[in-house]
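I opened this entry to keep track of what I looked up. I began with the overall picture and then turned to single residues.

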Amino acid sequence: MSVVFASSFEEKKAMETLNNKTRSNRHFGMGIFLLVIGAIFLLRNIGLNIPFWVLSWHTFFLAFGLLIGYRKNFKAGIWVFFVILGGVFTLKDLVFFDISQYTTALALIGVGLYMIFRPKKDVQFCDFGNRK
C-alpha cells in the first residue's frame, strides 16, 4: 500500500516540477517580448528614428504569432496564421517594389506547404481496433 502511495507522490512531484518549468518558460518568453517593446518605445522617445513598420499592427501580429509558436514548441496551430498574416503585411512595408500582385500566390503556396508538411494526427473516435 505504501509503495503505491510513494509512486503516486513521486508522480505528483514530477508533474509539479514540469508545471513550474513550463510556467517559467512562459514568463521568460513574455518577459523578453515586453523588454523588446519597452526598449523600442524608449529609443523612440529619446529621439532615435525608429521605422514606422516596427510599431505597426502587423509587426505585433508577427511577434505575437512567434510568441505563441514558442510556447507551443512551434507545433501546428493558430500561431502560423498570425505569422503569415503579420509577415505578409510587414514584407509589403519592407520591400521597395509592389508585392501585392504576388501576395495571393505566395499565400496559396504557403498554405499548400503547410498542408503537405503538417504533423499527421491519427484521430480515433472509438478504439475498436485494439480490443482483445
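The notes below go from the whole chain to two residues.

**Whole chain.** I am working from a predicted model. I counted 4 helices and 0 strands in the protein, and from the N terminus the elements read α-α-α-α. I looked up burial next: of the 132 residues, 15% are buried.

**H58.** I found H58 in helix α2. Is H58 buried or exposed? Its relative accessibility is 5%, so H58 counts as buried, the cut-off being under 20%. Leaving out residues up to four places away in sequence, I listed W53, G86, F89, T90 and D93 as touching H58. With T90 there is also a polar contact between side chains, at 3.0 Å.

**L62.** I placed L62 in helix α2 as well, which spans residues 57-71. L62 counts as partly exposed because its relative accessibility is 22%; buried would require under 20%. Which residues does L62 contact, leaving aside neighbours within four places in sequence? I noted F82, V83, G86, G87 and T90. I also checked L62 against L85: they are 23 residues apart in sequence, and their C-alpha atoms are 7.3 Å apart in space.

Methods
Residues numbered from 1 in each chain as written. Predicted model: local features only at pLDDT ≥ 70, side-chain atom pairs only at ≥ 80, totals over all residues. Heavy atoms only, no water. Helix = DSSP H or I, 4+ residues; strand = E, 2+ residues; numbered from the N terminus. Buried < 20%, exposed > 50% of the residue type's maximum accessible area, 1.4 Å probe, protein only. Contact = heavy atoms within 4.5 Å. Polar contact = N/O pair within 3.5 Å; in protein donor to acceptor, adjacent residues only side chain to side chain.
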